[in-house]
Amino acid sequence: MADPDLEFVDEEDAVLDPAETASFSEAVLYTSDWTVQTVISQLTNGNIEMNPRFQRRDAWSSAGKGRFIESAILGFPIPQIVLAEKKGFRGQFIVLDGKQRLLALLQFTGKATGPNNGFGLSGLEVRTDLSRKTFAQLEKDPARRDDLNAFLNNTIRTVVIRNWPNTNFLHTVFLRLNTGSLKLSPQELRQAMVPGPFSDFIDDTAQKSAQVQRLLGRSAPDPRMRDVELLVRYLAFRRFLSTYTGRMKDFLDNACSKLNSEWDAVKPSVEQDILQFNDAVDALLEVFGDENLARKSGSRSVNRAIFDALLFYAADGGIRDAMLANSAAVQDIYSQKLADPAFAEAIESDTAGIPHTFERLVGWGSALRTAIRQPFNVPALVEKEAGSARIEFDGFR
């Protein structure tokens, strides 16, 4: 089993075009102090997006939740939450920062879903007399009326963003907010920004996939949605490679949007692609082992840029079978590619840009053809108008 503390190494997206950032100043931000009771009301009325899918991705420990509730009862300042108003839905919001705090409030008051709903307080450091107390018990006990009122009337600084110009703005805010010890995946924001039947399907599929769980070393949904993003990246490269412009965020957003809009027509083929993903991961783990898959020499971290390239080819049944039949040769050629300066740069610097993405795909594909002694096509770089380029791919055969 993979190390449960394993971290995936993310690539940095290309710098935003100035034309995209020029409108950032159009966004309107305002702050207010909502009481805990107001926040809970907004959540239960569905004005703040906190659907049951997210509630399955519970990252806080029971003690962490208990201390957060204790802080509210004590009247301590609570870290702010940041909301963005949904386009076309005034008074309805998605959460950019503070989802776990909001989930703790929902669960404590018994208005959430799942096994932690209505939890009793634990991990308390000051109000130990409230240990194991639930919200329902506080409500029923006249002697706890002051504690209940203190909790419900404590304020949470709330930042609301309105008139945001584009999703790049929200992604930028989101990533700037999440630079602490628990860095959240942009996939969490993507699930809120690009909802639909495919987004629901890929969320459910990630949680059921033994292969994804093995890669991440988890047996429960990943709170940072790395499990979902692995599958979205795979499908995007497999289906929409020619649309890639060097911005991974846009690439994955657009892939989700297209698959959501065409879901009835594409569902059977996407399900087949997921089967190929599972078989590909099984084969890659057999060839490289849990401790070496998509890692640079001596590293414990899975490099997503490498993993994308390995998966791109292993998802083809013929190539996959040949890799399994020539695993020693595949391991040898992989070690050689890691020592290749051009390939090494492509997995370490500007990994999201087109030149290095192309170098990884073609570099690994060309080397793999030699290792397994089997001909197949690799992507090509095609120059477009205005000096731009796209990665084109018409299939392996």
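Are R127 and D147 buried or exposed? R127 is buried, and D147 is buried too. Buried means under 20% relative accessible area, exposed means over 50%, and partly exposed lies in between (1.4 Å probe, protein chains only).

This is a predicted model, in which local features need pLDDT of at least 70 and side-chain atom pairs count only at pLDDT 80 or more, while totals for chains, interfaces and linings use all residues. Residues are numbered from 1 along each chain as its sequence is written, and side-chain values use heavy atoms, with hydrogens and water left out.

**Overall picture**

The chain has 19 helices and eight strands. Helices (H or I, at least four residues) and strands (E, at least two) are DSSP runs, numbered from the N terminus. Of the 397 residues in the chain, 50% are buried. The accessible surface comes to about 17,700 Å². Carbon and sulfur atoms hold 48% of that surface. These areas come from the Shrake-Rupley method with a 1.4 Å probe; for residues, only the protein chains shown count as cover. Take the contacts in the chain with a separation of 6 or more: residues 24 or more positions apart account for 70% of them. Contact here means heavy atoms within 4.5 Å.

**Salt bridges**

Side chains of opposite charge can pair when their charged atoms come close. A salt bridge is a side-chain nitrogen of Lys or Arg within 4 Å of a carboxyl oxygen of Asp or Glu. By this rule the count is 25 salt bridges. Three of them are tabulated here.

| Salt bridge | N to O distance |
|---|---|
| R127 and D147 | 2.9 Å |
| R144 and D147 | 3.6 Å |
| R214 and D290 | 2.6 Å |

R127 pairs with D147, with the closest N and O atoms 2.9 Å apart. This pair links distant parts of the chain, 20 residues apart. R127 sits in the loop between helix 5 and helix 6 (135-140), and D147 sits in helix 7 (residues 145-153). D147 also meets R144 in a salt bridge. D147 counts as buried because its relative accessibility is 11%. R144 has 17% relative accessibility, so R144 counts as buried as well.

The side chains of D290 and R214 form another salt bridge, at 2.6 Å from N to O. D290 is in the loop between helix 14 (263-288) and strand 6 (302-303), and R214 is in helix 11 (residues 210-216), so the pair ties together parts that are 76 residues apart in sequence. D290 is buried because its relative accessible area is 17%. R214 is partly exposed, with a relative accessible area of 32%.

There is also a network of salt bridges, which links R190, R247, K249, D250 and D253.

Four strands form an open sheet with mixed pairing, in the order 2-5-3-4. Strand 2 (28-35) and strand 4 (93-97) stand at the edges with a single partner strand each, so one side of each is left without a neighbour in the sheet. From one strand to the next, the twist averages 30°. Two strands pair if DSSP finds at least two bridges between them. Strand 3 (residues 78-85) and strand 4 run antiparallel and are joined by four bridges. A84 stands opposite I94 in strand 4.

Helix 5 (residues 99-108) lies across strand 3, strand 4 and strand 5 (155-162). Helix 5 runs at about 105° to strand 3. Axes are lines fitted to C-alpha atoms, for helices over the stretch in contact, and angles run from 0 to 180 degrees between N-to-C directions.

**Covered helix positions**

How many of the eleven residues of helix 15 (residues 304-314) are buried? Eleven of the eleven are buried. Among them are R304, D308 and Y313. At the start of helix 15, a side-chain oxygen of N303 reaches to within 2.9 Å of the backbone nitrogen of A305.

The side chain of R304 also makes a polar contact of 3.1 Å with the side chain of E229. A polar contact is a pair of N or O atoms within 3.5 Å; within protein, one must be able to donate a hydrogen and the other to accept it, and residues adjacent in sequence count only if both atoms are side-chain atoms. E229 is in helix 12 (residues 226-240). E229 is buried because its relative accessible area is 7%.

T205 belongs to helix 10 (residues 197-208). T205 has 14% relative accessibility, so T205 counts as buried. A polar atom of the T205 side chain lies 2.8 Å from the backbone oxygen of F201. Leaving aside neighbours within four places in sequence, T205 is in contact with L231 and I274.
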